[in-house]
2 protein chains.
Amino acid sequence: MPDLIKGNAVIGQSGGPTAVINQSLVGVIEGLRSAGAGTSGNPIKKILGMRHGVTGLVNDDLYDLTDYPHDRLQLLARTPSAGLGSTRDKPDAAFCEKIFEACLKHDIRYFFYIGGNDSSDTCRIVNELSNEKGYELRCFHIPKTVDNDLMINDHTPGFPSAARFVAKACMADFLDNISLPGIKINVIMGRHAGFLTAASALARRDDRYEYEGSSTDGPQLIYLPEVAFDTERFIEDVATMFDRHGRCHIAVSEGIADKDGNSIGGQLIKNGQTDAHGNLQLSGSGALGDALSDLLKAKLKPVGGKAVRVRADTFGYVQRCFPDQSPVDMKEARGVGRYAARLATSGDVDGSVAIIRTSPIGEGQPYACKYQRIELSDVAAKTKHMPAEFIEGHNNVSQKFLDYCRPLVGDLPLYERI
Amino acid sequence: MPDLIKGNAVIGQSGGPTAVINQSLVGVIEGLRSAGAGTSGNPIKKILGMRHGVTGLVNDDLYDLTDYPHDRLQLLARTPSAGLGSTRDKPDAAFCEKIFEACLKHDIRYFFYIGGNDSSDTCRIVNELSNEKGYELRCFHIPKTVDNDLMINDHTPGFPSAARFVAKACMADFLDNISLPGIKINVIMGRHAGFLTAASALARRDDRYEYEGSSTDGPQLIYLPEVAFDTERFIEDVATMFDRHGRCHIAVSEGIADKDGNSIGGQLIKNGQTDAHGNLQLSGSGALGDALSDLLKAKLKPVGGKAVRVRADTFGYVQRCFPDQSPVDMKEARGVGRYAARLATSGDVDGSVAIIRTSPIGEGQPYACKYQRIELSDVAAKTKHMPAEFIEGHNNVSQKFLDYCRPLVGDLPLYERI
């Protein structure tokens, strides 16, 4: 057993929940337990849980998870959304000072925070504060975000399961669209990164992919935040596809922006709310889809004297928490939690855990990955975008993206078309 | 073998697709095949499929399904949405005349139409026309609708799978809501009948159901088309629940209407489209949810100087086609198709197939049902509503409804709450 520093451990969850964020929570608990935490004579006495992230920590609102029963832990791991409660609060320097004081008060020496890039920034500030004060705090960020936008990481826990939902929902909705043809828009999460919207392309069946130079399977048009959105070109794209197939199936990221970087949703969504990070509410509203739908209704020529049928759905919060965890995601979300606990109990280190793919990306290639410690500053408050090689033209994704994404989401249902 | 009338069989699908409508299609094909259809010397020569319902029939747009391979049929049965293509056209008398002429032209003696109450009305008119003309046509309606609103039927194929999606989505979304508290509205399909919205109550865990006289588990408030919607009372309900729990999780049917029967969605949705049945587009838009959300944002008192977090999602088309068929639904959707084929090949009869529950409704009661022929006029163009015994107060469902619904949707995931 390594020379463990004496004190308690605390774990928090932050930001938008996912289908597997509790896997990571359970992973940390299991990792700490395998280092003996909570057993008689072990330097780590208690495993605490922050209720609603650092807000709970500073308010002494803590769960004691030290003796949480094993069978309930296994069920918790399968439970979507943040079991400890989450928070959207973005701590400033004064708040981070309070977090540090709470760590002193509760004799915390092991600090684990599961979240996205804002959460890793909180982790970084708290860690720097403890270094300044000469207080040994083993501070670990554990990656989580359906947006898949953390630097260095090949992908992030939560994304594969959300991508699985998006792919299945788009498959079902495409089959609905060919059954009752018209124009269908689906708005998908992703404020700055288009990975989740891009995953809609997995809904396509390969054998019908190409037809007269465009996909007959939906979604036929995919709009990502990484590619400047031009309203006129959008209308043209849809009109062309509709002329050719008599229908059109479209995936749009909530984060699409024009060439100057102005959010299209921001321009169209009335009465929106902003969160503590200053972000405008994009999810939890159908406004962007409805606005794009109204635009097409107004601009597209009627067919046979009848207005073209245009519908828009916004996948909403269900996409991040639907209880259908991808097998890879389950395993890795648990794995990064365990790995962080193992690192924190192996010496005076801190950092973030990254998932690094060790297998080549390509059709039929077996998938493999490893976990690796990286610096908190490598991921804190930074955003990864879809690389150019994953994007094709202004409204599609590349084969390389499909090869990248497919092993993550797991097997998808097969379909028959007459 | 019964004395079969010589001619071809045709099958069509109509109205909004479901996750199991192809089970019924395959059931009819299997039923006809077991009567020898398509084999040498059998009076039923061909099994045809209408492309996009009766529209395809009158336009000679037909598939020949007589020799469709068995393994592809099995896959088709598992495929969501209408494999033949569907239609929203509501045939008038002149159009029904054309359908009848198409039957003559294609030597059709067996006519199967899978759909809801509008579809059964088409069936009824065509059947009456053939009776008038003295043309023996064995005309069967096979029930299908996620709205669950067909008379006599205990429930209708398509509803259990859609209810399964709604229950799982509400479970996931409720866990999201307790993780990041606020007010969350989910808008669910059902123009006149509230069954699908009511199914959201299956998301609740029994052991936390009651707390200070109201459900702590979501959805805590359920608004059905069967109960007059009063905007002021709605705001009060939400404010009370929010005061008590610091959060509120709400299920609203798209079909809610005020005490005079005026659709709330109709009053709020701008720029809507109507279908051939004169129905205003309610699905494929987030307008109702957004309008209710705006209402609450405007009327609820801020907490600690901050506006209350209000979000609305509209489940959209995904709820009717998500590829997660309930086991009971799969079996029954196939069963009603087979049963219709068996009846049609057993004598000169016509009608609709109804699902009749033969077991008592009650917790822990094993579920059983039977199929029964009923008259086309029993279901045609009629709508079943939630019976009073399934409704509790003005914003909840009864235990009896839960007992009614639970065996239909199948096992739901278990969850752990810390």
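**View 1. Domain 1 and domain 2 of chain A lie with their centres 33 Å apart, taken over C-alpha atoms.** The model is predicted: local features need pLDDT of at least 70, side-chain atom pairs count only at pLDDT 80 or more, and totals for chains, interfaces and linings use all residues. Residues are numbered from 1 along each chain as its sequence is written, with chains lettered from A and ligands numbered from 1 in the order in which they are written. Domain 1 of chain A spans 7-158 + 325-379, and domain 2 spans 160-323 + 388-409 (bounds from an automatic or database domain assignment).

**View 2. Domain 1 of chain A meets domain 2 of chain A.** Here 25 residues of domain 1 contact 24 residues of domain 2 (contact: C-beta atoms, placed from the backbone, within 7 Å). The domain 1 side comprises 8 nonpolar, 9 polar and 8 charged residues (nonpolar: Ala, Val, Leu, Ile, Met, Phe, Trp, Tyr, Cys and Pro; charged: Asp, Glu, Lys and Arg; polar: the others, Gly among them).

**View 3. Helices α1 (residues 21-34) and α12 (residues 327-344) of chain B pack at about 40°, axes 7 Å apart.** Helices are DSSP runs (H or I, at least four residues), numbered from the N terminus. Axes are lines fitted to C-alpha atoms over the stretch in contact; angles run from 0 to 180 degrees between N-to-C directions. The crossing of α1(B) and α12(B) is right-handed (near helix turned clockwise from the far one by less than a right angle). Contacting residues include B:L25 and B:V28 in α1(B), and B:A333 and B:V336 in α12(B). The contact has 9 nonpolar, 6 polar and 4 charged residues.

Technical notes
Helices (H or I, at least four residues) and strands (E, at least two) are DSSP runs, numbered from the N terminus. Two residues are in contact if their C-beta atoms, placed from the backbone, lie within 7 Å.
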